[in-house]
Amino acid sequence: MSLKQVSIAGMGCVCACGNTAAETFEGALSGNALFELPADRITSTYTTKYPVFLVNPTTYQNKPADQTFSQFFFIRAAQEAFAQAGILPSQLTPSRVGVIVGSSVHSSFHCFQIYKQWRQNSLTSQDIAGLKNYLATPLAQWVSNYFGFTGPFQTIATACASGTDAIGLAKNWIETDLCDVVLCGGTDELTESPYDGFIRLLVSTPQRCRPFCKTRSGINIGEGAAALLLVNEQTAQKFQLPCQGYVLGYGNCCDGFHPTAPDPKGTGLQKALSFALQDAGKNANDIAFINAHGTASQANDSAEAIAFRAVLPQVPVWGSKSVTGHTLGAAGAIEAVLTLQALNKRILPATVGFSTPDEQLQLVPTQKQTTISKRFAVSDSLAFGGCNAAIVLGACDAA
Amino acid sequence: MPLLSWGLVMLPKLFINGFACLTGDAAPEDFAPFVEVRKLRRAEQISKNVLLCAFRALEQAQLKDTSHAKLGISLAMGAGALESTLKFMQSIVEDGDELSSPTAFASSVHNSTALFLSMFLGIHGPCVVTGQLDASFGAALLTAQQFLAKDMCEQVLVAVTEDVNPLLVEVLQKDPHVFDPFVYQPHLPATRLAGAWVVSKKPTAATQFVLDSIELSTTVDVRTQTQPLLPVHSCAHSVLLLANHLEQKKDFSLREQFAGTILKIAGKPYVCA
């Protein structure tokens, strides 16, 4: 398979450690991120406070009132991707542009304020307008309409694997000639539902998360979005688009094990990783590093460690959720953007927060910033319900 | 050669090797041929409904007792697990944040239904869930085609399940025009719907139908051209229509218009050459 088949012309990102893709990578290197107690829009009454990774409020001070935070974050990331590509959405053939967006919160009926009003028999006209907006705007379709595209659209709701699935399926859409261009990625905003839900599942920690560390105590949720503009060779040549990298392989496999925990042997993840490598025509020796899902929950990190040892032994592992938080449906896309920049800059960051190796994991993630020479990397995601996804990415000079 | 299309893009046709549809809820005794019903006690009703359909579809596809290692799942859910989502929000309202229900939260995630399918059917292949209201079904078919085109599996269980949104139903009953221009169709039952198909890109010994043409076209201005069918505005409505056509075992075509999407499917019974 030619490396040039599915290239990335532009990418954008907004999350707790940056308002652009470049800022986000700088944040990953420095460890600086907005990690605070919940913002005003989360009104949880928990006595124990669980800090979260927040998008800087100055970023959304001009958010249109009729957009959700998830929509606003994604549009902002997508506009950055188009700007980096140096192309306007209007220059593309609308019917040949697809949109795939992964989201966990936005895919669900998390109209909490409206629900409360309804229970109190006090729905307002504003609430009705909110419901109407909900009915009219499945996320990917809304994004497609926003940019005037008329190609296929899909909102992926595979929970925390949604962002990775969106990129993998986008690659397939181009490879099978369904589209010339696919705008893909993930987005999620913080609301009371996931905030309370993860705490009640006893997987959140009031401390900053420490992926793969012996002292890890749980996850921190976060918010943000990342968008990638995937193009086929003809489009890249026609518009002389820059190349930020390649999407080379995609694998996906479900565990069928437990509602919220991965298969402890990482069986599904092993299959997903293996299929992604096979799809890319690569093997473990080609891979510079893995950007792990690395939530810092006991079960996730353990299952990943086993799967990595089996499929990608000796390959360095980087966990980045200690600078972005676990951004749920956006996580896979944000991590893909980080992975591509690490490849392109030939810098593999340290796993912020990691301090003590866990003998049981037999995996020590990156402890300091290093240089890399290999031109390919893997990014993987695990999700509730045992859904596992993995993609193989190539650097801009990998062709 | 007949082809499937989305707009101007053509993809290979799909073969249907088994299908089942359910209006309303699966009863415990329905599961007797397939699984001990007590094992389903943690499953939400929408998961049980689609699981029953899947059992029946796989049986028709002659996959009941064989390894499912080369099967994938493409699950469409309009608005996800609404009952659990509302239950979780209710637990926050009634019991407070610190006593909100973790079980309801876990069940509210779309993937919880995918889990029950993979766990009880023994499917350990690719699995993607689509959640975009009425436009979910077409995208789920497309995902199945993509799995097959990329040889990620040999057959795909395309599953659809839809819950009732009591909030929307109550609002509509009070004022049928409240969501204009969305069309309220009071004759449609406010009930759960589910369906399942086993599809492949090549015919098998169990193939019953061939979908010669699937076309999904989009409209740009969603606000002026949308017509979701309320209260059953969901992706499951087209599932019901398609299943009705298949039951008749003759050539068929259907056309459904949703929020910014038109779904057209044409097919016929499969006759082995």
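Student: Which residues of α12(A) meet A:S162, A:G163, A:T164, A:A166 and A:I167 in α6(A)?

Tutor: This is a predicted model, in which local features need pLDDT of at least 70, side-chain atom pairs count only at pLDDT 80 or more, and totals for chains, interfaces and linings use all residues. Residues are numbered from 1 along each chain as its sequence is written, while chains are lettered from A and ligands numbered from 1 in the order in which they are written. Helices (H or I, at least four residues) and strands (E, at least two) are DSSP runs numbered from the N terminus, and a contact requires C-beta atoms, placed from the backbone, within 7 Å. On that basis, the partners in α12(A) are A:A331, A:G332, A:A333, A:I334 and A:A336.

Student: How many charged residues are in the contact of α6(A) with α12(A)?

Tutor: Ala, Val, Leu, Ile, Met, Phe, Trp, Tyr, Cys and Pro count as nonpolar, Asp, Glu, Lys and Arg as charged, and the others, Gly among them, as polar. The contact of α6(A) with α12(A) has six nonpolar residues and four polar ones, and the number of charged residues is none.

Student: Which residues of α3(A) are buried?

Tutor: A residue is buried if 20 or more other C-beta atoms lie within 10 Å of its own, exposed if 12 or fewer, and partly exposed in between, with C-beta atoms placed from the backbone. In α3 (residues 112-119) of chain A, the residues that qualify are A:I114, A:Y115 and A:W118.

Student: Which elements of chain B do the buried residues of α3(A) pack against?

Tutor: Within chain A, these residues pack against α4 (125-136). From chain B, the elements are α2 and α6 (166-174).

Student: Which helix of chain B gives the most to the side that touches chain A?

Tutor: In total, 69 residues of chain B are in contact with 59 residues of chain A. With seven residues, the helix that gives the most to this side of chain B is α2 (residues 82-95).

Conventions:
Two residues are in contact if their C-beta atoms, placed from the backbone, lie within 7 Å.
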